Amino acid sequence: MRLEDVLASLAAMPDALRHRLAGLTDAELRFKPGIDTFSVLENVWHLRDIEVEGYARRLTLLLREENPLLPDLDGSALARERRYNSQPLQPALDAFVSSRRASLVILADVAPAQLERRGSFENVGEVSLARLLELWVEHDQGHLKELDELLPVLREPRAGHTPKPSQSLSR
Ligand code: NI
């Protein structure tokens, strides 16, 4: 992906997320179609934690340190430990959006040569900043797809199929 496409995709995520959350009731937000499938709310808290404690942190490490270790995160463990499905929505959404905006400000000043900076991404292997940005976009897109499979089920729970277990729980 070209850098400008990556940045455009990352910048579009807050609105893409808000669009999918619009009009959902509290019960719909928290509805879990299966034990291994995230609710809408769990998806949003997961995105918040992966954004703030995952990608924003990895971006800083890659730009500041030589060959840093970029920690992975265990998304399903965090969802249980932090009781995502018992939390309010708005703080997660606000924190996601504000962290994403701050990262985009940093990324706007990244020089092409910096895209070749490298680190060791736990459970993934050596990555360049360019590759990290692609993984970041893939993570967004994976969760948008998951939400797009879940939302029709919320509207017609009996008619809908059961969504597959949550994907991209880590990283
Ligand atoms: Ni994920």
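Modeller: Some ground rules: residues are numbered from 1 along each chain as its sequence is written. This is a predicted model, in which local features need pLDDT of at least 70, side-chain atom pairs count only at pLDDT 80 or more, and totals for chains, interfaces and linings use all residues.

Biologist: How many helices and strands does the chain have?

Modeller: There are 6 helices and 3 strands. Helices (H or I, at least four residues) and strands (E, at least two) are DSSP runs, numbered from the N terminus. Their order from that end is α-α-α-β-α-α-β-β-α.

Biologist: Why is the chain called as compact as a globular protein of its length?

Modeller: The radius of gyration is taken over C-alpha atoms, and the globule rule is 2.2 Å times the number of residues to the power 0.38. For 171 residues the rule gives 16 Å and the chain has 16 Å, so the description holds.

Biologist: What span is expected for helix 6, and what does the helix reach?

Modeller: The expected span is 1.5 Å times one less than the number of residues. Helix 6 (residues 129–155) has 27 residues and reaches 40 Å from its first C-alpha to its last, close to the expected 39 Å.

Biologist: Which residues of helix 6 are buried?

Modeller: A residue is buried if 20 or more other C-beta atoms lie within 10 Å of its own, exposed if 12 or fewer, and partly exposed in between, with C-beta atoms placed from the backbone. In helix 6, L129, L132, L133, W136, H139, D140, H143, E146, L147 and L150 are buried. Over the chain, buried residues make up 26% of the 171 residues.

Biologist: What makes a nonpolar core, and how many residues has the largest?

Modeller: Such a core is a set of buried Ala, Val, Leu, Ile, Met, Phe, Trp, Tyr and Cys residues joined through C-beta atoms within 7 Å. The largest has 22 residues, and V44 is among those with the most contacts inside it. Helix 3 gives the most to this core, with 9 residues.

Biologist: Why are helix 3 and helix 6 called roughly antiparallel?

Modeller: Axes are lines fitted to C-alpha atoms, for helices over the stretch in contact, and angles run from 0 to 180 degrees between N-to-C directions. Angles under 35 degrees count as roughly parallel, over 145 as roughly antiparallel, 65 to 115 as roughly perpendicular and the rest as oblique. Helix 3 and helix 6 pack at about 175°, with axes 11 Å apart. They are therefore roughly antiparallel.
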